[in-house]
Amino acid sequence: MINFDWTVLIPLLSGLIGALVGGGIGYFAQIRTLEADLAVRRKSLAQALAAEIEAFQRIVNRRDMPARCQAAADAARAGNENAVREWLNEQDGRMEILSIYHANLGNIGLLGPVCVELVTFVGLVQAILTTIRGAHEGIYDKLDGGQVADLFESELELWRLSEKLAAKVIADLRAIT
């Protein structure tokens, strides 16, 4: 019969238990660190996007784009053939918008449910700017005054919708902690 010394098992078992406990603590500490990092990134992105949208809305309001759109619609209905080109200047159509949004497309999902309305807002604004660009490229030149007025009035509805959505998106982004 083999004589086994059971005292050898004590350091072996304590080492194994120590390795398991230390590994578990390290694993959960790493998870907490990643969660904290994700929370900081999420909040930073939300605050940056809220500020960017707010700045864009201030530009729109300062340039009085919706009123200029309505004036162009009224002028087109009155028979002004130049209403299309007078609507907004070329600079407005070339405005680069929401560069923080575009630079962080891969991270927009971090924002959770607010990203749906954020993406909708950006789509509305891009649609409006596409119409402005199209006006300066002459794609609406063949439309009669009534058609141009209808086009501008539909764009005005997009402006109004985007303004309401922007206010909600900004509030929702600022609420992210």
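Colleague: At what angle do the axes of helix 1 and helix 7 cross, and within what distance do they come?

Modeller: Two packed helices are described by the angle between their axes and the distance between the axes. Here the axes of helix 1 and helix 7 come within 9 Å and cross at roughly 150°. That makes helix 1 roughly antiparallel to helix 7 (angles under 35 degrees count as roughly parallel, over 145 as roughly antiparallel, 65 to 115 as roughly perpendicular, the rest as oblique). Axes are lines fitted to C-alpha atoms, for helices over the stretch in contact, with angles from 0 to 180 degrees between N-to-C directions. Helices are DSSP runs (H or I, at least four residues) numbered from the N terminus. This is a predicted model, in which local features need pLDDT of at least 70 and side-chain atom pairs count only at pLDDT 80 or more, while totals for chains, interfaces and linings use all residues. Residues are numbered from 1 along each chain as its sequence is written, and side-chain values use heavy atoms, with hydrogens and water left out.

Colleague: Which residues of helix 1 and helix 7 make the contact?

Modeller: Contact means heavy atoms within 4.5 Å. Helix 1 contributes residues including Ala46, Ala50, Ile53 and Gln57, and helix 7 contributes residues including Trp159, Ala166, Ile170 and Leu173. By class, eleven are nonpolar, three polar and three charged (Ala, Val, Leu, Ile, Met, Phe, Trp, Tyr, Cys and Pro are nonpolar; Asp, Glu, Lys and Arg charged; the others, Gly among them, polar).

Colleague: How do helix 6 and helix 7 cross?

Modeller: The axes of helix 6 (residues 114-137) and helix 7 (residues 145-174) come within 9 Å and cross at roughly 150°. That makes helix 6 roughly antiparallel to helix 7. Among the residues in this contact are Leu118, Phe121 and Ile128 of helix 6 and Leu158, Ser162 and Leu165 of helix 7. The contact of helix 6 with helix 7 divides into 16 nonpolar, three polar and four charged residues.

Colleague: Is Ser162 buried or exposed?

Modeller: Ser162, in helix 7, is buried, with a relative accessible area of 1% (buried means under 20%, exposed over 50%, partly exposed in between, with a 1.4 Å probe and protein chains only). Not counting residues up to four places away in sequence, Ser162 touches Phe121, Leu124, Val125 and Ile128.

Colleague: Which residues have the most contacts inside the largest nonpolar core?

Modeller: A nonpolar core is a set of buried Ala, Val, Leu, Ile, Met, Phe, Trp, Tyr and Cys residues joined through side-chain atoms within 4.5 Å. The largest has 41 residues, and those with the most contacts inside it are Ile53, Leu111, Leu118, Phe121 and Leu173. Helix 1 (9-63), helix 2 (65-77), helix 6 and helix 7 each give two or more residues to this core. Beyond four places in sequence, Phe121 touches residues including Ile53, Phe56, Leu98 and Ser162.
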